[in-house]
Amino acid sequence: MTRAARSVASPHVVSIEDFRPIARQRIPKSVFDYLDGGAEGEVTLRENCRVFNDVTFRPRHAVSLSECSMCTTVLGFKLALPILLAPVGYSRLMHPGGEVAAARAAGRAGLGYILSTISGHKLEDVREGSTGPVFYQLYLMGGRGAAEAAIERARVAGFNALVVTIDTPVSGIRERDYRNGMKELISGGPFEKIPYLPQILSRPGWLVSYFLDGGLPGLPNVIVPGKGPLPLVDVAAALAESAVTWADLKWIREIWKGPIVVKGVLTGDDALRSIDEGAAAISVSNHGGRQLDGVPASLRVLPEVVEAVKGRIEVLMDGGIRRGTDIAKALCMGARAVLCGRAYAYGLAAAGEAGVDRAIEILRVDLERTLRLLGCASVGELDRSYVNVPQSWEAG
Ligand SMILES: Cc1cc2nc3c(=O)[nH]c(=O)nc-3n(C[C@H](O)[C@H](O)[C@H](O)COP(=O)(O)O)c2cc1C
């Protein structure tokens, strides 16, 4: 076992939450808070996790299961667990392995991986790293020209689906990032950086690996025609100029012939619009509480969306998944699979690829135990009969 793997083995890390103090210790505060934090008062961020407590289980006891199946398919792609690793921008700042490490771990475990547009690694390297399905998450930053080039590269490299995120017309305000001087550290001059340097210098191990990795990564998958790769410093401004609209979705559908997942649906109406625009799946998501603070937790709106969709397309969900029981509850309420963001990103920040392996292992063991305790032989059989859902949720 490597040193990194030992550092996140039991008893150091028994649950996903246990990664947080290790990650906090390894990476600078500015990077940790970027990963850990949410928008404004972080109400939605907290609610995403808390709301799972409102749903309780109805187990079937005295059932002996010889086998428990956790396999499923998403868009026809086989998954060993009903999990895809969610797009997490700037993963390479958390650990040099970044997106490639996460994709490799996902492939090894038979999970899907979704690569963010805001990636420090080339999409070709990420695709090559994984033996499982890999989807490309698209923002239109850099304009349609940059997006078209990325879509073509994703097609040639063998990406299996596009994920179009619709909840980011501008970046949400993550107050921790302002307090930590994230903007000054990324784009400021030397004098502007000075007040924020002590927290960076206090993590020499991270700092050495960051410089050995070449320093601030650019965005090798956002090639602006006539200009080259979009520098990381321009991300916020580029996002603000590139809201994805339904008209864009139509355009994307013309140039991408594979399946499209619309990520960021929070109402039945947007779910129906996604179907009209040709989505093959949607992800019920509030971007992990990082965009509009005050929107409901993802799990809370899942019943409304599932009811509106009526089985016509696959419904995924993300937000607040930290345990196997959370995954089981989401599946009971109609999700086909879940996307996990922070659950694996904490692992990546704590121990690189070994940390992502460990995060996946925790969720896998957790989910199998949950199925056995519920007396349910497979994830495909999980349905509303296994949970008590508050009556007020039924109204939509
Ligand atoms: C650090 C960080 C960066 C993210 N970057 C992106 C991104 O580039 N594109 C995107 O669609 N979602 C992004 N997300 C949102 C995730 O894909 C996902 O919706 C969210 O993390 C789910 O909530 P969870 O972290 O509680 O699992 C990001 C989330 C985090 C935590």
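Helices here are DSSP runs of H or I with at least four residues, strands are runs of E with at least two, and both are numbered from the N terminus. Residue numbers start from 1 along each chain as its sequence is written. The model is predicted, so local features need pLDDT of at least 70 and side-chain atom pairs count only at pLDDT 80 or more, while totals for chains, interfaces and linings use all residues.

**Stop 1: the whole chain**

Select the protein chain. The secondary structure comes to 20 helices and 14 strands. Its radius of gyration is 20 Å, close to the 21 Å of the globule rule for 396 residues, so the chain is as compact as a globular protein of that length. (The radius is taken over C-alpha atoms; the rule is 2.2 Å times the number of residues to the power 0.38.) The C-alpha trace spans about 65 × 50 × 40 Å along its principal axes.

**Stop 2: the ligand**

Select the ligand and its shell. There are 26 residues around the ligand, each with its C-beta atom, placed from the backbone, within 6 Å of it. Pick out the closest: Ala 86, Gly 89, Ser 116, Gly 288 and Gly 341. Now colour α3 (29–36), β13 (337–340) and α19; each supplies at least two shell residues. The largest share, three residues, comes from α19. By class, the shell has 11 nonpolar, 11 polar and four charged residues. (Nonpolar covers Ala, Val, Leu, Ile, Met, Phe, Trp, Tyr, Cys and Pro; charged covers Asp, Glu, Lys and Arg; the others, Gly among them, are polar.)

**Stop 3: α18 against α19**

(Under 35 degrees is roughly parallel, over 145 roughly antiparallel, 65 to 115 roughly perpendicular, and the rest oblique.) Show the contact: α18 gives Gly 324, Thr 325, Ile 327 and Ala 328, and among the α19 residues are Leu 363, Asp 366 and Arg 369. (Contact puts C-beta atoms, placed from the backbone, within 7 Å.) By class, this contact has six nonpolar, three polar and two charged residues.

**Stop 4: α16 against α17**

Select residues 268–276 for α16 and 298–309 for α17. These axes lie 8 Å apart, at an angle of about 40°. The pair is therefore oblique. Gly 268, Ala 271, Leu 272 and Ile 275 of α16 meet Glu 304, Val 305, Glu 307, Ala 308 and Val 309 of α17. Here the classes are six nonpolar, one polar and two charged.

How values were computed. Contact = placed C-beta atoms within 7 Å. Axes fitted to C-alpha atoms, helices over the stretch in contact; angles between N-to-C directions.
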